[in-house]
Amino acid sequence: MPREDDPYEGAPVILVTARDGREHRLPAVEGWRVMEVIREWGLDIKAECGGACACATCHVHVDPAWADRLPQPSEEEIARLDDAFDVREESRLACQLLVTPSLDGLRLRLAPGTER
Ligand code: FES
């Protein structure tokens, strides 16, 4: 039975590996951007432009098992990733990923060059 004092009861959970290698389980609010979830839980992500797809400092490496389960990146996101370090096939900008129930269990790693 859901507890009224837990706003995250039943929420999708995102698994984020920080740069020190520790994995964090972050309950997420639907409709938020993944970048906002990471930032709100206090992990070190610069996200300098606040989600405008203008800085690439929210760069993450998504677990390859999730690559086909995410919406395809826009041309704008692909172009912006050119500004990031250590870009890989599984690179995404966390500000361009919206939290939905289907993202429950999404696993990703903070990329280098996104430190505050
Ligand atoms: S926060 Fe700037 S591109 Fe994502």
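**The sheet and its core**

Mentor: Five strands form an open sheet in the order β2-β1-β5-β3-β4, with mixed pairing. The model is predicted, so local features need pLDDT of at least 70 and side-chain atom pairs count only at pLDDT 80 or more, whereas totals for chains, interfaces and linings use all residues. Residues are numbered from 1 along each chain as its sequence is written.

Trainee: What makes β2 and β4 the edge strands?

Mentor: Each of them, β2 and β4 (91–93), pairs on one side only. Strands here are DSSP runs of E with at least two residues, and helices are runs of H or I with at least four, numbered from the N terminus. Two strands pair if DSSP finds at least two bridges between them.

Trainee: How do you know that β1 pairs with β2 and with β5?

Mentor: β1 and β2 (residues 23–27) share five bridges in the antiparallel sense, and β1 and β5 share three in the parallel sense. Two bridges would be enough, so both count as pairs. L15 illustrates this, with R25 as its bridge partner in β2 and R107 as its bridge partner in β5.

Trainee: What joins β3 to β5?

Mentor: Three bridges join these antiparallel strands; H61 stands opposite R109 in β5.

Trainee: Why is S74 called exposed?

Mentor: S74 has 12 C-beta neighbours inside 10 Å, so it counts as exposed. S74 lies in the loop between β3 and α2 (75–80).

Trainee: Which residues have the most contacts inside the largest nonpolar core?

Mentor: They are I14, V34, M35, V37, I38, C58 and A94, in a core of 25 residues. β1 (13–17), α1 (34–40), β3 (59–62) and β5 (107–110) each supply at least two of its residues, and α1 gives the most, with four. Such a core is a set of buried Ala, Val, Leu, Ile, Met, Phe, Trp, Tyr and Cys residues joined through C-beta atoms within 7 Å.

Trainee: What does V37 touch?

Mentor: Leaving aside residues up to four places away in sequence, V37 touches I14, L26, A28, W32 and V99. Contact requires C-beta atoms, placed from the backbone, to lie within 7 Å.

Key. Buried ≥ 20, exposed ≤ 12 C-beta atoms within 10 Å, placed from the backbone. Contact = placed C-beta atoms within 7 Å.
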